[in-house]
Amino acid sequence: MDLHLTNKNILLIDFAGRTSPTLLEKIARQILSEGGLLFIASAKESLAQTLSTKISEKIHAFSIDPASDEGRNEIFKAVPQCDVFIDATLPFIGQRAEETNWDNVFTASVRAPQLLSFPYLRQMKENNWGRILILNLFSNAMRDPSEANIRSIEEARAAYASSLSKTLKGTLVSANLCQLNHTGYPAPKAETHISNAVTFLSSEASDGLNNGVITVEC
């Protein structure tokens with residue numbers, strides 16, 4: 001399937017370092033198979049380099065924390081123009097609020113992606129083509145009061161995608177949400193389905209789709 005990603009600069013970023021490495025690997029492999037020029041960053045130490053070594057030397061891996069000011073500056077310096085911005089930041093289901101500094105998690109999951117995507121969005125509008133894609137989690141399992149912080153983060157990320165899309169009407173730039181619906185039931189090949197959805201939303205095949213919510217059961 002030719003989705004016309006050849007020579008497009010694609011940023012794949014996990015700002016909080018909690019996204020499944022196997023999911024990031026699936027997405028990376030799918031994008032590379034479509035000819036995309038892939039740049040990966042993760043707050044999880046050495047993960048980006050590990051994926052680059054495992055998958056292909058064609059991947060540019062950043063060794064910095066993308067949620068930090070230094071990381072944001074280094075990424076923007078190395079990738080002055082981005083065609084597809086994929087925010088693949090996801091939480092751990094079942095993690096209790098008291099186990100983590102949630103202020104830092106919120107900043108990494110919500111504020112950091114906004115700060116890095118803003119300058120790229122301006123470029124995309126100037127070029128009249130581009131993609132902002134945000135992965136988000138919805139889970140019926142998140143009923144415990146201690147998981148309210150996770151829900152607030154995911155709601156903020158969804159609201160950001162929707163607000164961006166409203167500024168893009170009449171252009172070939174789009175902001176869409178890939179929502180992972182964690183049902184608690186077996187979902188064979190879920191990561192493959194997610195990577196297929198992400199690649200489609202990154203491509204010219206999704207021209208005209210803006211403010212969309214593509215739901216994948218996992």
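## Terms and model

Buried means under 20% relative accessible area, exposed over 50%, and partly exposed in between (1.4 Å probe, protein chains only). This is a predicted model: local features need pLDDT of at least 70, side-chain atom pairs count only at pLDDT 80 or more, and totals for chains, interfaces and linings use all residues. Residues are numbered from 1 along each chain as its sequence is written, and side-chain values use heavy atoms, with hydrogens and water left out.

## Salt bridges

The structure holds six salt bridges (a side-chain nitrogen of Lys or Arg within 4 Å of a carboxyl oxygen of Asp or Glu). One pairs Lys8 with Glu204, with closest N and O atoms 3.5 Å apart. Lys8 lies in the segment before strand S1 (9-14) and Glu204 in the loop between helix H6 (190-202) and strand S7 (213-217), so the pair ties together parts 196 residues apart in sequence. Helices (H or I, at least four residues) and strands (E, at least two) are DSSP runs, numbered from the N terminus. Lys8 is buried at 13%. Glu204 is partly exposed at 33%.

Lys54 meets Glu25 at 3.0 Å, N to O. Lys54 sits in helix H2 (residues 47-55) and Glu25 in helix H1 (residues 21-33), so this bridge links parts 29 residues apart in sequence. Lys54 is exposed at 52%; Glu25 is buried at 13%.

## Within helix H3

Asp69 bridges to Arg72, with closest N and O atoms 2.7 Å apart. Both lie in helix H3 (residues 69-78), three residues apart, about one turn of the helix. Asp69 is partly exposed at 46%. Arg72 is buried at 16%.
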